[in-house]
Amino acid sequence: MLNPPVIMVCTHTDQCEKLDERISEYAKQFDCIIGQNTKANHKRNIHYISNTHENGEIDELKKTISKIAEDMSYFQVELPTHWIQLENALDFLTNDLKKNILSWTNILELGNKMLIKREGELLEFLNYQHNIGNIIFFNDIREYIILQPNWLVKCFRCLVCDDDPKKRNPKISSTEWKALTETGRLSDTIIDDLFQNENVLEKKQKTYVLSVMEKFDIIVKPQCVGTKGDEISKFYYIPCMIRNRSISVDDLKKEFEVDKEGITISPWFILEFTFLPFAYFNHILVSYIKEYTVCGKENEEKAIYEGKAVIFLDERKSRKLIICYSKNAISLQVWKWDQVSDDLYQNVLEKLHSKIEELENKLGPTSYTVAAKCNDGNYFKKEYRISFEERNKSYFEDRTYFCEDHVNAKFHNINDIENMWFRHVDTVCTHYWLKTIKKHISYITDAGD
Ligand SMILES: Nc1nc2c(ncn2[C@@H]2O[C@H](COP(=O)(O)OP(=O)(O)OP(=O)(O)O)[C@@H](O)[C@H]2O)c(=O)[nH]1
Ligand SMILES: [Zn+2]
Ligand SMILES: [Zn+2]
């Protein structure tokens with residue numbers, strides 16, 4: 001479907017003898033002449049009416065118009081009629097000349113010719129065109145305007161690619177490939193070599209495409225420990241390509257010396273989703289990597305792994321957070337070296353919640369429930385997780401619960417889970433609560449039926 005929508009109206013039906021035949025003939029003719037052209041996707045309905053012998057068809061037409069208008073959030077916007085000229089020009093470049101991408105100077109010139117001379121108006125035009133899906137344009141990176149979304153997809157596919165060496169640019173050695181899939185680090189040369197997989201990108205467009213990929217959370221320049229405090233890495237990292245660096249949480253705990261005396265290891269806080277694709281998780285992971293300093297000493301490997309990362313929560317570097325992916329779940333654990341008690345856990349939950357909301361704004365609503373697990377249990381195993389909603393059923397009168405995630409089955413006290421995590425869930429996540437309340441209300445109404 002293309003916008004703007006076009007509704008066709010044929011009049012004088014009262015003067016047709018065999019109306020049904022005439023209508024099907026007309027529809028056939030239309031398909032024959034215009035049907036193959038992409039412009040046909042502007043068409044919504046064809047209405048056949050009589051203005052002299054009105055028989056309810058005009059009401060039908062009115063309904064169609066209202067329905068389409070309702071579905072278009074841009075119906076309210078009044079658009080200058082002279083924009084049509086530039087729109088037609090872009091359409092010609094896209095569909096007839098098959099151009100993929102236009103530079104900012106090109107679009108400025110074109111706008112000038114088509115009577116959009118003010119830069120502010122041109123930006124308005126481009127943002128509108130982006131919102132209705134005709135082009136891809138970002139206000140904050142305006143070097144180019146992308147006319148064919150598929151071109152961008154091809155560029156993405158160069159970097160996010162599979163392991164098959166036959167499909168790979170032979171310039172990339174197996175050691176380079178191994179390094180990429182172990183660390184996720186993109187060197188400048190490997191970026192160039194990867195982009196050659198599809199012959200679509202001109203060299204001068206490279207930084208632009210990388211910025212777009214950064215916007216889509218596919219690649220990220222992490223903040224890490226540098227010589228003079230924390231600094232932004234020179235290199236891009238591509239977390240979704242890390243395939244050969246899976247490491248167990250136990251090994252990470254050893255590496256970060258978490259198992260020493262005096263270090264607080266929080267219970268696992270777990271969001272269980274109905275469905276959580278790995279790509280969704282990577283959005284969350286990249287969002288953490290952008291915002292916090294990634295652990296790892298200067299010039300050493302960054303603590304980014306397949307489906308995991310470890311970050312510093314504070315500038316004094318006495319608190320770390322590990323974020324882990326497992327089937328349809330995100331699990332968090334805090335490692336704390338200091339003895340200060342503050343709003344640490346509530347803040348962690350607030351951050352997580354806002355990151356989920358960010359994700360939902362980009363990709364649509366998700367559905368999840370909250371759970372927790374003892375601090376040295378297996379976060380990825382569903383058994384022995386304590387569900388937030390049904391926690392009252394999970395523990396005994398003495399506030400202990402049974403957990404078999406250990407060599408010797410154990411009873412744990414529920415207090416850590418309650419005090420560190422569950423206590424804050426309702427303040428942090430009001431919509432989670434609204435959802436559960438709604439569910440209960442629907443139980444009640446269902447029962448009443
Ligand atoms: N029988 C019949 N006559 C119609 C119908 N619709 C319009 N007419 C007549 O056709 C003639 C032209 O109608 P208009 O509405 O002026 O047509 P138009 O295409 O808008 O013409 P312009 O105003 O010149 O652009 C008038 O005499 C109308 O009464 C119809 O459905 N059936
Ligand atoms: Zn346990
Ligand atoms: Zn929420």
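The legends below describe several close-up views of a predicted model.

**View 1. The zinc ion (ligand 2) and its protein donors.**

**View 2. Helix H7 packed against helix H8.** Helix H7 (residues 174-183) and helix H8 (residues 188-195) pack with their axes 12 Å apart and at an angle of about 105°, and they are therefore roughly perpendicular to each other. On the side of H7 the contact involves Glu-176, Trp-177 and Leu-180, which meet Thr-189, Ile-190 and Leu-194 of H8. Sorted by class, the residues of this contact are 4 nonpolar, 1 polar and 1 charged.

**View 3. The buried residues of H7 and the end of the helix.** Within H7, the buried residues are Trp-177, Leu-180, Thr-181 and Thr-183. An α-helix has 3.6 residues a turn, so residues three or four places apart point the same way. The cover over the buried residues of H7 includes strand E6 (185-186), H8 and strand E9 (236-237). After H7 comes Gly-184, which has a positive phi, near 75°.

**View 4. Helix H8 packed against helix H9.** H8 also packs with helix H9 (residues 206-215), at an angle of about 95° and with the two axes 12 Å apart. Since angles of 65 to 115 degrees count as roughly perpendicular, H8 and H9 are therefore roughly perpendicular to each other. H8 contributes Asp-188, Ile-191, Asp-192 and Phe-195 to the contact, and H9 contributes Lys-206, Val-209 and Leu-210. The residues where H8 meets H9 divide into 4 nonpolar and 3 charged, with no polar residue among them.

**View 5. Two residues with a positive phi, Glu-257 and Arg-399.** Although Glu-257 is not a glycine, its phi is positive, at about 50°. Glu-257 sits in the loop between helix H10 (249-255) and strand E10 (264-265), and with 46% relative accessibility it counts as partly exposed. Arg-399 is likewise not a glycine and has a positive phi of about 60°. Its place is in the loop between helix H13 (391-394) and E19, where Arg-399 is partly exposed, with a relative accessible area of 32%.

**View 6. Asp-59 in helix H2.** Asp-59 is part of helix H2 (residues 57-71), and at 44% relative accessibility this residue counts as partly exposed. Between Asp-59 and Ser-24 there are 22 Å in space, taken from C-alpha to C-alpha, and the two are 35 residues apart in sequence.

How values were computed: Residues are numbered from 1 along each chain as its sequence is written. Chains are lettered from A and ligands numbered from 1 in the order in which they are written. This is a predicted model: local features need pLDDT of at least 70, side-chain atom pairs count only at pLDDT 80 or more; totals for chains, interfaces and linings use all residues. Side-chain values use heavy atoms; hydrogens and water are left out. Donors are N, O and S atoms within 2.8 Å of the metal (3.2 Å for Na, K and Ca); water is not among the atoms, so sites may look incomplete. Axes are lines fitted to C-alpha atoms, for helices over the stretch in contact, and angles run from 0 to 180 degrees between N-to-C directions. Helices (H or I, at least four residues) and strands (E, at least two) are DSSP runs, numbered from the N terminus. Angles under 35 degrees count as roughly parallel, over 145 as roughly antiparallel, 65 to 115 as roughly perpendicular and the rest as oblique. Contact means heavy atoms within 4.5 Å. Ala, Val, Leu, Ile, Met, Phe, Trp, Tyr, Cys and Pro count as nonpolar, Asp, Glu, Lys and Arg as charged, and the others, Gly among them, as polar. Buried means under 20% relative accessible area, exposed over 50%, partly exposed in between (1.4 Å probe, protein chains only).
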